[in-house]
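Please study the structure, then read each answer against its definition.

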Amino acid sequence: MTTVENYARLTNRQIAARGLIGGAPAVDAAAEAERKYSREPGFPVAILIAPATIWLVVFLFLPLLSIFIFSFWKSTGHGMTPAFTFENYRAFFVTEGFLDSKNPDFLTPSIFIRTLWTTFRFTITVMALCLILAYPMAYFLSMQVEDFKWQLSLFLLVMVPFWTSYLIRAVAWLPMLGRHGLINEFLLDIGAIDEPVSFFLYSEFSYTMALVQLYVVLAVGPIFFSLAKIDKALIEAARDMGATPFQIFREIIVPLSLPGVAIGMIFVFVMLMGEFATAVVVYGGKTSTTGTVILNYYAIANYPFAAVNAFMLMLAMMIGVTVILRVVDIRKEL
Amino acid sequence: MARSTPERRRKARVKAGFSVYYAIFLIFVYGPMFAMFTLSFQGPRGGVTFPMRGFSFYWWERMMGPSSVGDIKSSLVRSLILAIIVMVITAIFSTMLAMAFRKKFRGSGVLFYAIMSGLMVPGVLLSLGLASLLRVVGIPAGWWYSGLGVHVVWTLPFGFLVMMAVFNRFDGDRGGRARHGRRRVDGF
C-alpha cells in the first residue's frame, strides 16, 4: 500500500470517528479502537485478580514471611514466644566449642552448615546428571522426530511420571536396589558377583540414582520446548553455507536452547534443595538434607530453629537461582 | 524410493542410536514403578523382593480391609475430594487471571512472578511456614483449608499458563495487544 493510499484511509477513519463523537477533538481512530477493544468485557482488572492475589498472600507470602519472623523468636521447648534474638542463627552457624582452641570442635563448621553443604553437593551432582541425560532426550524429540503426532506422544510418554507422586517413585526403587533386589539378582545370575552387594541401597549411589530418576523429566520439558522453537530454516541455511553438523550444534542449537536449559536447571535445583522424603526412603536416613533437618526440628516443636534452617535454605536457593540467571540471561534470550 | 546415500545412511544410524537411548530412558523412568506394580501380586508370604512367591491378590485384599496404619478408603476419598476442589478453584482463578493479563496493568509484573513462584517454592518451606503460622494464630491445620490453600498455590501456575495460551489464541488476530503476554508464555 502506498503512503498516499494509507493516508487516505486514515483520514477516512478519522472522519468517521469524528462523526461518531460529534464535536469532540479529533481522536486517532486506531488508538480509539485499541482502547475500546482493550477494555475487558464487563469485569475490571481489580475484580479479576483480587481472589487469586489474596489467596497467594495468605498461602504463599505470609508463610514465607513468617519463616523469617519466627527465626528470631525464642524456643520454649514445646513452642515459641515472640522475641528478637540471634541465638537461633548463632546455633546454626557455630557449635559450642567453635572459638575454644582446646575443644575438639575448634573452628569446625556446625553440623547444620555441613548438612546444607551436603544438600548442595548432591544437588549439583544430580543437576549435572539430569542435564547430561535430558539434553539428548530433548534433542531427539525435537530434532530427530519429524512427525508432530509422534513427537507429541513420545514427549508425553516421557513426561507422564511427572504427574505421579514422587514418593511412589522413590519407594519403587527399593525392590530394584536391595540386597535381594533385581540388580543384585541379575548380577548374581550372570556371575558378575558371588554374593549380594549391599552397596546399591541406602548409599550415595541409590540416593543419586533415585533423585536423577525423579527429577530428570523436569529438565526434559523446558529444554524440549526451547529446542522445538528453533527455526528449522536457520539450520538449513547454515547447512547450505557449509557448516558441519558439529558447527551447527555449537553455533546455533546450543545458544538458542540455553534459556530452556536454564529454566530446567532452575526447576531441578530448587526441587533438589527442598528435597526431604527421598533421603529417608532410599538413603535410610543415614545422611540428612536440610529438608529433613527442618522437619526433625518441626517434629520436636523447636519451630524457631526449623525456621532458621528454612530461611538459610531459602537464601541458598535464591543465590543459586541468581547465579543460573547470571549465566543465562533468560529475559534477554526470550 | 529414496536413494541410499552415505549421508542418508549416517542420519538413519544417528536416529537409531537416539531411539535406543529413548528406550533405555523410558526403562529407567518407568522400570522401578513396574517392578513395584508386579510385586503387588506377591503371594501372602512374599515381601518386596523378587523372585515372586506365588501369585495372589492377597495384598490388594489386605489394602481394602481395615488396618492400623491407615484406612485406604477414607484417605482415597479425601484425596479425591481435595483434588476436585483444588481443580475447580484453580480453573476459576486461572481463567480470571488470564482475562486480566490480556492487558498490562499496574503490578502485573509482580503478580506474574508471584504466580510463577508457586512452581519453585518447595513444599517443606511452605508447609513449615503455614503450619507454624497457624499454630501461632491458634488454628489447627487441616487438609481442607491449609492443605487446600497450599495445593492451589502449586497448581495455579500450570492452570494460569494454559489459560494464557488459550486467551492469546483467541486474541491472535486482534493485533499486537496480546503479543506481550504471548512472549512470556512461550518462555515457559
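Q: What share of the 334 residues in chain A is made up of buried residues?
A: In this predicted model, buried residues make up 43% of the 334 residues in chain A. Buried stands for under 20% relative accessible area, exposed for over 50%, and partly exposed for values in between (1.4 Å probe, protein chains only).

Q: Why is A:Ser71 called buried?
A: The relative accessible area of A:Ser71 is 0%. The limit for buried is under 20%, and therefore A:Ser71, at 0%, is classed as buried.

Q: Where is A:Ser71 found, and which residues does A:Ser71 touch?
A: A:Ser71 is in the loop between helix H3 (45-70) and strand S1 (74-75) of chain A. Helices (H or I, at least four residues) and strands (E, at least two) are DSSP runs, numbered from the N terminus. Leaving aside residues up to four places away in sequence, A:Ser71 touches A:Thr85, A:Asn88, A:Tyr89, A:Pro304, A:Ala307 and A:Val308. A contact requires heavy atoms within 4.5 Å.

Q: What does the side chain of A:Ser71 reach, and at how many Å?
A: The side chain of A:Ser71 reaches the backbone oxygen of A:Phe68 at 2.6 Å. A polar contact is a pair of N or O atoms within 3.5 Å; within protein, one must be able to donate a hydrogen and the other to accept it, and residues adjacent in sequence count only if both atoms are side-chain atoms.

Q: How many residues of chain B are in contact with chain A, and what area do the two chains bury?
A: In the model, 63 residues of chain B are in contact with 79 residues of chain A. Between them the chains bury about 6300 Å², 79% of it on carbon and sulfur atoms. Buried area is the accessible area (1.4 Å probe) that two parts lose on being put together, summed over both.

Q: Which element gives the largest share of the side of chain B that touches chain A?
A: H1(B) gives the largest share, 17 residues.

Q: Where in chain B is confidence lowest, and where highest?
A: Confidence is expressed as pLDDT, the predictor's score for each residue from 0 to 100. Its mean is lowest in H7(B), at 35, and highest in H3(B), at 86.

Q: What conventions apply to the model?
A: Residues are numbered from 1 along each chain as its sequence is written, and chains are lettered from A and ligands numbered from 1 in the order in which they are written. Local features need pLDDT of at least 70, side-chain atom pairs count only at pLDDT 80 or more, totals for chains, interfaces and linings use all residues, and side-chain values use heavy atoms, with hydrogens and water left out.
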